[in-house]
Structures are given as structure tokens and as C-alpha cells.
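Let's take a walk through a protein model, one piece at a time. Keep the 3D view open and follow along.

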Amino acid sequence: MSNFEHNLKKYADLLVRVGNNVQPGSRLMLQATLDDDPTIRRLVHYAVEAAYKAGASFVKVDWRDEMLTKIRLENAPDESFDLTDEFYFHARKTITEEGGNIMFMIGGDPDLLAGQDQDKIARMKKATGKLFRPISLLNDQGYGTWTIGAISMKVWADKMLPDVPEDERVEKLWDLIFKVCRVDLDDPVTAWREHAANLKARADYLSKKQYEKITFSAPGTSLTVGMPDNHVWIGGGESNNKNVEYMPNIPTEEVFSMPHKYRVNGTVRASKPLNYGGTLIDKFSITFKEGKIVDFTAEKGADALQKLIDLDEGARFLGEVALAPSSSPIAQTGRLFYETLFDENAANHLAIGAPYRTNIKGGPEMTDEQFYAAGGNDSITHVDFMIGSTEMNVNGVTKDGQIEPIMRGGDWAFDIS
């Protein structure tokens, strides 16, 4: 077996054992982006094999062809865009309710939907967001496990690696995926468990601090993010209601929490483009007042950004604040991935829309009214955008007004050893 094939198998094993942490007797639904490259099919085969070896009772593979979305936008009747895949929803909801596993292997063309009708795209996203919102709430309550990994595809590699000879781009992107996911190490599973422990330690440090607010400063950014009482920082994975630890994102370098819905003020400038559903939004800034988006500018993709914040009332507020250092393996590649799974782990970021209820003590058990009273937002969407850079400083402000450094120059400014 070649070294590449060995890494491909290790990557599949990592997604199964650390990502989903498949347990004996559980079911796995694996959704993968369809491509002509047989490498992707082999990766899926390796993941299915690893899942059965871990004790999975049944594995269902759901192939997704992203080109079908473009075909639909260009050809479907108008009423189509208020509909969504109810068959997939019911299957995924059933597996989640029974405590099973969902895996996504994503990849694709960052420019696929450039020039498409943003109204139609917004309607599709709204229909999907409304239907699938109960699954997100089930995840918050600890049902099942889910994880996201990535696959190298030519359309993605061509966009990301124009400086690399064309016939080498797909392989180069695989090399980058393996590197930032620690797959190139002798024992990626152990390496990830050590990495997870480090992130958990940073999250615990911040949770104990209970900062009243977090401030972000950088060129174009002066933002204050108020934090709710009893907020919880999470990093290094999560645990479900059966105490099974899993890693929702591979790779991950972040620790994240939930802002208070009405206590975000100032202006933030994005430090990287946002690929929103196949449309790139670039060189944009957003201004908040009492938590709400009151203004924005964007040199590219302004219409898509407007449609995003118009999805529902909650899309005008934040659901997540996250810290990821500029020393992360992803940032150190010096590459823009044009994929949020990677780019959000190279920089501090915020998320428009729904929060994770696990980011406040007792959140999953709260009624909606209790959660909103505690400062939680609600939305059918959750979209991360990157704000961090090596020029950014982050401070925590205590309840008695003390200012403490969290990050300097985009990297951690506190020690956990």
C-alpha cells in the first residue's frame, strides 16, 4: 500500500473513531459529495469498513451531487424553492433520536452558485433551515454524534491552489488536508486526543473566568461582545447524553461560546472571504448595536450577505463567538481554503444566527422562554465568518472592570500549563 493510500485509510479511521466515535450497535449515515475521482469512493469505502469494525450495526451512504443544486436553480419551477428533502430529514432525525451517528464528507466548487438568483437560494436555505432545526436541538440535548470532514476535489483545488501545476493540485490539497488533520503523524488518534485535551483546558480556563464581555481590536475592528451569565466555553469536542465523546469538526482549533443576544456593539471587519452556499462574500464589515446588525458593507457578494441576514429575525444577531490562534496548523499553511471548516480554524470568528444551547449552563434543559431570557438567540441559520488575524488583540473584561489579555497578535496570551 502506498503512503497516500495508508494516509487515506488513517483519515477514514480518524473520522470514524474520533469524529463520530462510532459505538457497537449504533447506526451511521454517511453523506459524501459525489465526484468522478475514485479516491473519494475509496475513502468512503474505508470509512464504512472502519465503522463496521467499530461495531456499527448498519451504515447508510448518501451521495450528494452539488451540481444538482445549480440545475435546480436554473430549471425548476418557482414553487420548488420553498421545498426541501423531507426523505433525508426523516432518516437523519430517526438516526439522531436513537443516538446514532451522522458523518459529512464535504468538498466542492466555492464559486458554484456565483451569479445565481439569490432570492431562490435564500428560499431554499430558509426551507431547509426550518425543517432541520429540530435536529440541531436534538444535538444540543445530547442525542447522537455528528462530524464533518473534507475531501479533495478538482474544482476546489483549482480555486485554492492556482499557483500549483494543474495536474498536482488535487494531490496537494489532499496533502494539506492530511497535514492539518494530523493524519500524517504515526498515530493520528492519539495525537487528536492530546490536542482535544489542550483545547478543553483552554475552554475550562475561560469558562471559570466568566468574563462579562470580550473585546476585539484590529484594523477595521472595534467590537465588544457581552457574555451571558453562566456561559460555557467549549473546545476539543463534545459528549452526548451517553457520555460518548466525539469531535464535530475535523480539523478543529477553536474554543467557542455564546454571546448575549443584545450585548454586542461595534464594528467588525472580516479577515477572510465567506463562502456562503456557493457564493463568495468578500471584503465585508458588519456593525452591531445592542446585538443587532444595523449596517454592513461588502465589496463582493453584498446581495448574498443581505439575503443571509434577512432569513429571519435571529439572523440579525450573533449565536457564537470563537477563538482560534494564528499559530494553528491551518493558519500556518498560509492558504485560504475557501471552506469554512478550515478557514474558521485559522482565525477568530463569529457566527450569525443560532447558538449552541450547550454554551450556557443548563441550556439544553431550558424552555425556549428561559433560554431567550438568559440571552440566547434563535434562528434557522448558523453561518461562521472569520475576523481574526495576526493584528488582532482580544481582552476579557471581568465583572469588576478588570481587563485581562486573552490574545495578543492573534495568538494565546495566557498559559494553561
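Which residues in α4 meet which residues in α5? From α4 come E86, Y88, F89, R92, K93, T96 and E97, and they meet L131, F132, I135, L138 and N139 in α5; contact here means heavy atoms within 4.5 Å. By class, that contact has six nonpolar, two polar and four charged residues. Nonpolar covers Ala, Val, Leu, Ile, Met, Phe, Trp, Tyr, Cys and Pro, charged covers Asp, Glu, Lys and Arg, and the others, Gly among them, are polar.

Before going on, a word on the source: this is a predicted model, where local features need pLDDT of at least 70 and side-chain atom pairs count only at pLDDT 80 or more, while totals for chains, interfaces and linings use all residues. Residues are numbered from 1 along each chain as its sequence is written, and side-chain values use heavy atoms, leaving out hydrogens and water.

Now look at how the two helices lie. The axes of α4 (residues 86–97) and α5 (residues 118–140) come within 10 Å and cross at roughly 15°, so the helices are roughly parallel to each other (that label is for angles under 35 degrees).

Next, find strand β18 (residues 393–397). Four of its five residues are buried, so β18 is largely enclosed by the rest of the structure; buried means under 20% relative accessible area, with a 1.4 Å probe and protein chains only. β18 pairs with β5 (residues 213–218) in the antiparallel sense over five bridges, and two strands pair if DSSP finds at least two bridges between them. Here V394 is the bridge partner of F216. β18 also pairs with β19 (residues 403–408), antiparallel over four bridges, and there V394 stands opposite M407.

Conventions. Axes fitted to C-alpha atoms, helices over the stretch in contact; angles between N-to-C directions. Parallel < 35°, antiparallel > 145°, perpendicular 65-115°, else oblique. Buried < 20%, exposed > 50% of the residue type's maximum accessible area, 1.4 Å probe, protein only.
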